[in-house]
Amino acid sequence: MTSKTEPDASTDVTIAILNAAESCFERFGMTKTTMADVARAAKISRATVYRYFTDREALITASIVRRAQVNMGPARAFIASLPTIEEQIVEGICRDVQSGRQDPVVNMLVSPEEMELSTKLLNESGKAIELTYELWGPIFSDAQDNGKIRADLDLRLLCEWISEIEIMYISALTDDDAALDRFKYKMRHFFVPALLPH
């Protein structure tokens with residue numbers, strides 16, 4: 001096992017495998033992509049692919065996590081730029097949904113054809129909640145400390161609900177402005193008030 005002080009020799013290989021996998025997902029679909037397909041696309045042996053990823057589901061999960069991590073910094077900066085916690089919640093969640101809709105791998109994963117797979121990988125594994133909490137946990141914790149949202153809220157449960165809403169709207173929301181405005185209206189009138197101090 002490589003120590004953290006040594007160069008991580010697996011990084012380039014991991015990136016190459018994930019890039020190859022994502023190209024295969026777009027070409028064949030997630031459920032039809034095989035480890036052999038990924039190995040061919042990456043121009044490495046199938047054994048090497050298995051050395052880094054145990055199965056296709058591990059590849060898909062790693063791809064989603066990688067894409068979420070790339071988006072994490074810009075998402076935090078965007079949310080921090082908004083003046084109120086109400087705007088941060090509404091516009092931040094809408095930005096997450098729009099980013100997911102524009103990402104071909106995320107959009108494919110939450111499509112009706114892949115819904116069973118996405119439920120297994122994102123919901124049952126807890127990965128979606130973990131990523132949502134990584135983004136929103138510190139924001140909500142700070143808002144609680146400053147009395148901007150209710151002190152009795154279970155933040156992990158709140159992030160679980162947000163991840164479920166985001167997955168649903170990534171797959172269901174249309175691209176027209178009216179649909180987005182309707183989503184924002186629902187957030188402002190039904191969701192945000194439930195989080196604010198009484």
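1. Confidence first, since this is a predicted model. Helix H7 (residues 115-124) has the lowest confidence in the protein, with a mean pLDDT of 71, while helix H2 (residues 35-42) has the highest, at 96. Here pLDDT is the predictor's confidence in each residue, from 0 to 100, and helices are DSSP runs of H or I with at least four residues, numbered from the N terminus. The protein's average is 88, and 93% of the residues score at least 70.

2. Go carefully with residues 1-9: pLDDT stays under 50 there, and the model gives this stretch 1 contact beyond four places in sequence. Contact means heavy atoms within 4.5 Å.

3. Some ground rules for reading on. Residues are numbered from 1 along each chain as its sequence is written, and side-chain values use heavy atoms, with hydrogens and water left out. In this predicted model, local features need pLDDT of at least 70 and side-chain atom pairs count only at pLDDT 80 or more, whereas totals for chains, interfaces and linings use all residues.

4. Now the inside. The largest nonpolar core has 56 residues, and Leu-59, Ile-89, Ile-93, Trp-136, Phe-140 and Phe-183 touch the most other members. Helix H9 (residues 155-172) supplies the largest share of this core, 8 residues. A nonpolar core is a set of buried Ala, Val, Leu, Ile, Met, Phe, Trp, Tyr and Cys residues joined through side-chain atoms within 4.5 Å. Buried is under 20% relative accessible area, exposed is over 50%, and partly exposed is in between (1.4 Å probe, protein chains only). Leaving aside neighbours within four places in sequence, Leu-59 has contacts that include Ile-17, Leu-18, Met-35 and Phe-53.

5. Have a look at H9 itself. Its buried residues include Leu-155, Leu-158, Ile-162, Glu-166 and Tyr-169. At the start of the helix, a side-chain oxygen of Asp-154 comes to within 3.1 Å of the backbone nitrogen of Arg-156.

6. What about Phe-191? This residue sits in helix H10 (residues 177-195) and is buried, at a relative accessible area of 9%. Apart from residues up to four places away in sequence, Phe-191 touches Ile-89, Ile-93, Leu-158, Trp-161, Ile-162 and Lys-186.

7. On to charges. Side chains of opposite charge can pair when their charged atoms come close. The structure holds 10 salt bridges, each a side-chain nitrogen of Lys or Arg within 4 Å of a carboxyl oxygen of Asp or Glu. One of them joins Arg-40 to Asp-37, with the closest N and O atoms 2.6 Å apart. Both residues lie in helix H2, 3 residues apart, about one turn of the helix. Arg-40 is exposed, at 57%, but Asp-37 is buried, at 13%.

8. Another salt bridge pairs Arg-56 with Glu-57 (3.2 Å, N to O). Arg-56 is partly exposed, at 21% relative accessible area. Glu-57 lies in helix H4 (residues 56-80) and counts as buried, at 17% relative accessibility. Not counting residues up to four places away in sequence, Glu-57 touches Leu-117, Lys-120 and Leu-121.

9. Finally, Asp-152 and Arg-150 form a salt bridge with their closest N and O atoms 2.9 Å apart. Elsewhere, salt bridges that share partners join Glu-22, Arg-66, Arg-67 and Asp-103 into one network.

Definitions and conventions. Helix = DSSP H or I, 4+ residues; strand = E, 2+ residues; numbered from the N terminus. Polar contact = N/O pair within 3.5 Å; in protein donor to acceptor, adjacent residues only side chain to side chain.
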